[in-house]
Amino acid sequence: MVVVDRTKKGGQYVGNWRTYMPEVDYERCTACLLCAMYCPEAAITANEEGKPEVDLRFCKGCGVCANECPVKAIRMVKEE
Amino acid sequence: MSEFDVMPGNKAVAHGVRLARVEVIPIFPITPQTTIVEYLGEFIANGELDAEYIQSEGEHTCMGMAVGASLAGARTFTATCSQGLAYMHEVVAQAPSYRTPIVMAIADRTLGWYWSLGPDYSDIMPELNLGWLVNFAESNQECLDMVLQLYKIAEDRRVLLPSMLSLDGFYLSYSYERVGIPDQELVDGFLPPYEAPYPVDPTISDRWPSAGIPPPLHTTYRRLFEEVMEDAKRVIAEVDAEFGEVFGRSYGGLIEKYRCDDADAVLVTMGSMTTAARRAVDRLRAEGERVGLVKLRFMRPFPTAEFREIAGEVDAIGVVDRVVLHGTGGGSAFADVKSALYSLEDRPKVMNFVTGLGGEDIPIDDLVAMGRKVLRVASTGRLEKEVEFIEHPLPKGAEPIRLDEEMPIYPGSDGCAGCGSSIIIRHLLKILGPNTVIVNPPSCSGVNYSGVVRVPWILANYAAAAGYETGIYRAFKHKGKADKIYVTGFSGDGGTVDIGLQAISGAAERGESMMWVCYDNEAYMNTGIQRSSSTPLFAATTSTPAGTVWKGKPQKRKNMILIMAAHRIPYIATASLAYLPDLERKIRKAAEVTRSGKGMAYLHIQQPCATGWYFPPEKTVEVGRLAVQTGAWPLLEIEDGVLRLNVKPRKLKPIEEYLKLQRRFRHLSKEQIAAIQREVDKDWKSWLALEKMGKLPWY
């Protein structure tokens, strides 16, 4: 039998999919966290100030966060 | 004169079907078969082929359509593989007795037990003994040519049997080779139109085939079928010879011998591995080894006489099988070769190599090693191990990234960037929590998310998913745990509105208190964007392409909400990934309804798909929002029969704002956009009218 052990599961590295990465302008950010709610990969969590922090290991660079940010505080920048 | 092009095997099959002027083509998508029927759709969409193209809602029906069309006297083609072929099985078994000369391409793929998209013959071998002719192609050229040959063989009055053309998934189906496309005029001369001897057409025929005979005739008819199979062997040889005269290529009929002169031993192969085996034999021959190759072209009828002749010439035969018949210890061709030789006085040693299962490559080096082993058996006359499994170590994959926090679904996935179903499954599991069992029919989500969830995720067979779910739910119910575990179907639109509908309907009617969540991306995305009955009006998909004749899908989508309401289940809702608080509230509501044992809760969530609707990935949520604001996807719920629209804009935005973001609608004319607007308005008014009723009258 092939058995799945749920205690051994974890996230999947997808950082190498990305062409553009999200860059958060923390001055502008209002900490609404819509970006985190909509992030298809659950790559965004709240930091100590309640503002979004992107774990780039899980970010594919789709740009949904930047597109949905109501105050345009996220910009997609080309990665070197 | 022939034209040449470089194309995958699936396209070569499609060209064969086009040249054969096939009249009826029922289809259902499954990897790696699907592009065959997509290419055919393109031919028809652009006026290059005039055929009835029927997008069925499941393979069982699909094969029924094929048998029906052939009974009515039409030249008929269909294609499938793997799970799809297994699901067809009942109707596949029926086709020979009706003497329907259907040609069906099987782009071989492993049949689950353990799932794989890669090819082995576990799908086609269980279908061998039903009365079909079964042919295995080695190259893309052979695929095209055999479509033409098989129609000529199958329609011959001495045969009149359906036939399967096996082409290895991926190795042929998707691999590009140079293929000659014969002239239509030559093909027309070779393959005249099909005339059914007894079509079920009362206007021209007073006699038609029957599948009902009394038991005492069964043995007689089975014997007669065996005689027909013997006749088929002669017809196969004749047709191959005639094909050679007309087109300048022939393949040898039931088998082909390669460098078998003076051989002490031969390998027996089938399908695409044969090409690698030719190179292996070349290498061994260059070293002076006397080894040859027999390509098994037809498994049915089986080339018994040919193998008996070979048996008189060699001391050992090594059969390479890409399948294992569990409980027999070896492969399928091995069993047949052995049984063909048993009654001979002097028999060579026969050994078996089982390899390439699940789609694993069979490299030339392996075949060279197999050749050496058979030669050793030939020279020593000793066979120590009858069956050998050729196995390779598993390459090391990436380890999951461990996180401090435990969650029902971890970050990252194999889904496309911007995947909407990812947003949906994450919110679903966030609310349901770890004591959830997901039952998931084949879909993108199984491929992409089953690896990162921390709850049991059961990959269920397509049409039976609501059955799996019911079984799990009833077991928990019996153990008194039904209120502690959420049993949830999580399915795409194909698995819900098409092939899965029967089982869902059954569960809803019985009042199974479980959830069904349909994430609707409005087409079969996992197999490459074929239309489903949830695809909206005029959308272009790969099976409803926009061409010179076709302008996208001509039908409106199925109203699944009203179908579920007809079952009077306690909770039904539509939702959108753009309206997350509404979505989460509805998931909570559905969970509460099912936990209380009141019956089924059905959620139908629209999932904009960047890949299949052709919009940039960052627009997933934006497109979803516009669908609600334009009325293309109304948010509503029906709670104990009371219908409520949850989002009611004072004025709906024009539908064009929604359509213009998506390339699946870019072919639309002004008239088509106006027609869609009319339909949206009509639907919106209908929902408002139902809302006004208070309680739907049949609740």
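Trainee: Is Val64(A) buried or exposed?
Mentor: Val64(A) counts as buried because its relative accessibility is 0%. Buried means under 20% relative accessible area, exposed is over 50% and partly exposed is in between, with a 1.4 Å probe and protein chains only. Keep in mind that this is a predicted model, where local features need pLDDT of at least 70, side-chain atom pairs count only at pLDDT 80 or more, and totals for chains, interfaces and linings use all residues. Residues are numbered from 1 along each chain as its sequence is written, chains are lettered from A and ligands numbered from 1 in the order in which they are written, and side-chain values use heavy atoms, with hydrogens and water left out.

Trainee: Which helix does Val64(A) lie in?
Mentor: Val64(A) lies in helix α2 of chain A, residues 64-68. Helices here are DSSP runs of H or I with at least four residues, strands are runs of E with at least two, and both are numbered from the N terminus.

Trainee: And what does Val64(A) touch?
Mentor: Not counting residues up to four places away in sequence, Val64(A) touches Tyr38(A) and Pro40(A), along with Gly418(B), Pro617(B), Glu618(B), Thr620(B) and Val621(B). Contact means heavy atoms within 4.5 Å.

Trainee: How far apart are the C-alpha atoms of Val64(A) and Met76(A)?
Mentor: Those C-alpha atoms are separated by 9.9 Å, and the two residues are 12 residues apart along the chain.

Trainee: Which side chain does Arg625(B) meet in a salt bridge?
Mentor: The partner of Arg625(B) is Glu68(A), at 2.5 Å from N to O. Arg625(B) lies in helix α20 of chain B (residues 620-630) and Glu68(A) in helix α2 of chain A, so this pair joins two chains. Arg625(B) is partly exposed at 25% relative accessibility, while Glu68(A) is buried at 7%.

Trainee: Which residues do salt bridges that share partners join into one network?
Mentor: That network holds Asp582(B), Arg585(B), Lys586(B), Lys589(B), Glu592(B), Glu637(B), Glu639(B) and Arg644(B).

Trainee: Let's switch to Arg278(B). Where is its place?
Mentor: Arg278(B) is in helix α8 of chain B, residues 273-286. It counts as buried, at 12% relative accessibility. The side chain of Arg278(B) makes a polar contact with that of Glu256(B) at 2.8 Å. A polar contact is a pair of N or O atoms within 3.5 Å; within protein, one must be able to donate a hydrogen and the other to accept it, and residues adjacent in sequence count only if both atoms are side-chain atoms.

Trainee: Why is helix α1 of chain B largely enclosed?
Mentor: In that helix (residues 9-19), 10 of the 11 residues are buried, so the rest of the structure largely encloses it. Among the buried ones are Val13(B), His15(B) and Arg18(B). Arg21(B), which follows α1(B), has a positive phi near 50°.

Trainee: Zooming out, how many helices and strands does chain B have?
Mentor: Chain B has 22 helices and 23 strands. Its C-alpha atoms fill a box of roughly 85 × 65 × 55 Å along the principal axes. Buried residues make up 60% of the 699 residues in chain B.

Trainee: And what share of contacts in chain B is between residues 24 or more positions apart?
Mentor: Such pairs account for 77% of the contacts in chain B with a separation of 6 or more.

Conventions
Salt bridge = Lys/Arg side-chain N within 4 Å of Asp/Glu carboxyl O.
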